[in-house]
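Dear colleague,

I am handing over the structure below, and after it you will find my notes on what was found. Please read them with the structure open beside you.

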Amino acid sequence: MSAGAGLREGKYREGHLSEDEMWSAFAYLFSSKSKQSASYKYGFLKAILDNLYNTDENLILTFDQLFSKFAEVYWNLVLKHKIRQAPVIAGGKTTKLEQALWEAKARCPVAEDLPFESIPSDVKDYVCHRVKIDCKENVVGALYGDLQELLYSFSKKGEYIQFNPVMYEFVCRHKVAIEKLNYYEWAKYLEKINTDDVMDHLLTKIDESAKRNNLDYYRNILFEEFENKCFYCGKPVTKNTVHVDHFIPWSFIKDDNLWNFVLACPKCNESKNDKLAPKAQLDLLVKRNAQIIVERPNISLMRNYQAQRLINIYSWASDNGYKDIWIPPQRKAANG
C-alpha cells in the first residue's frame, strides 16, 4: 500500500516541474513499484479525469463529485458486468466497495442489470455515500503518494482535492494518453483476477462504465427553453426526432454537462460523430451558454461553468489528437 494511504491530508509539492518530471510521476504510478490490493487507484484516477472540467475556480473537486463518479463506474463494472476488482481472499470475502454495491443491490433487486443512471435516487444516494465513506480513507492518499505528491492536495476532513495548477494544465494537454495508460494497466490487473468469461471487450466496459444512455433530461431543458432548431445547420427540429450532441466529443470529455450539449438534427449529429465543429460554432455555444446563465441563473447544471475553460477544452481536445474539423451544412440565413 502507498505510504500516502494513511494520511489525513496532503499538500502538493510546488515549484517548477519539467515535462519529464510530470511524466515520471505517471510512469511510477503505472509501474510495478506502485502496489495495489484492488483496482481502486485506477478507478479513482478515472473519476478525476472524468471530472477534470468540473472544478471550481480554485481547481477544487469535492469528494462528493469524485466518489459519485467512482460509484457509477464500479456499479456498472461490478454489478452489470460481474468484474471482480480485487483477488478473492480467505473465506470468499470481498472488498468494502463490492460489499456496499451488493448491499445496495439487495435493497433494490431489480437494479442489478440497470445502468447507474437508472437506479432509484434513494439507492443511488446510499451507494454514493457508502462508497465515499468506505473508499476515501485509503484511495485518496494512495494515489496522491504514488503520483509523487504532485497532482493534488487533499483533505479528508474537508473532503476535497485541489489540483496543482502546473499538473492540471499538463493532464489537460495529455488527457487521452494518460487515460489510455490507466485503462491498459487497469485491464492488465483485472485480467489476473477474473475468469475469461467476463473479460470480453474489457477496455470498452471500463471506458463506457460512466457513459449515460438516456439524455432526455437535457433534451427537454434545451428544447423547451432554449433551442428548437439544429445548432449546426439551423434546420427546425421536433422533440421526437432531435438528437442531443456532445459539442466537444464525449470520448474526450467523458462526462455529461449541459454547457457541452447542443441539439442537432439526425443528419448533422451522425455525420459529425467524434469530431470537433469549427471555431465559429464554439463561439455560438459560448453565447448560448451565456443566455442560459442569464435566463436560468440558479440552474445547477451550469455550476462551475466557465466560458474560458470551454474555450480551453476545445484547444486541449485538439492537443489530444482531435484534429479533424467537421464542417456543418451552411446555416440558413434566417438563423445567422
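Asp197 lies in the loop between α7 (175-193) and α8 (202-207), where helices (H or I, at least four residues) and strands (E, at least two) are DSSP runs numbered from the N terminus. This is a predicted model, in which local features need pLDDT of at least 70 and side-chain atom pairs count only at pLDDT 80 or more, while totals for chains, interfaces and linings use all residues. Residues are numbered from 1 along each chain as its sequence is written, and side-chain values use heavy atoms, with hydrogens and water left out.

Asp197 counts as exposed because its relative accessibility is 61% (buried means under 20% relative accessible area, exposed over 50%, partly exposed in between, with a 1.4 Å probe and protein chains only). By contrast, Phe261, which lies in strand β6 (residues 261-264), has 0% relative accessibility and therefore counts as buried. Between the C-alpha atoms of Phe261 and Leu202 there are 28 Å in space, and the two are 59 residues apart in sequence.

Turning to the strands, there is an open sheet of 4 strands in the order β1-β3-β4-β2, with antiparallel pairing (two strands pair if DSSP finds at least two bridges between them). Because β1 (9-10) and β2 (60-62) stand at the edges with a single partner strand each, one side of each is left without a neighbour in the sheet. Strand β3 (residues 152-155) pairs with strand β4 (residues 160-163) in the antiparallel sense over 4 bridges, and the bridge partner of Tyr152 in β4 is Phe163.

With kind regards
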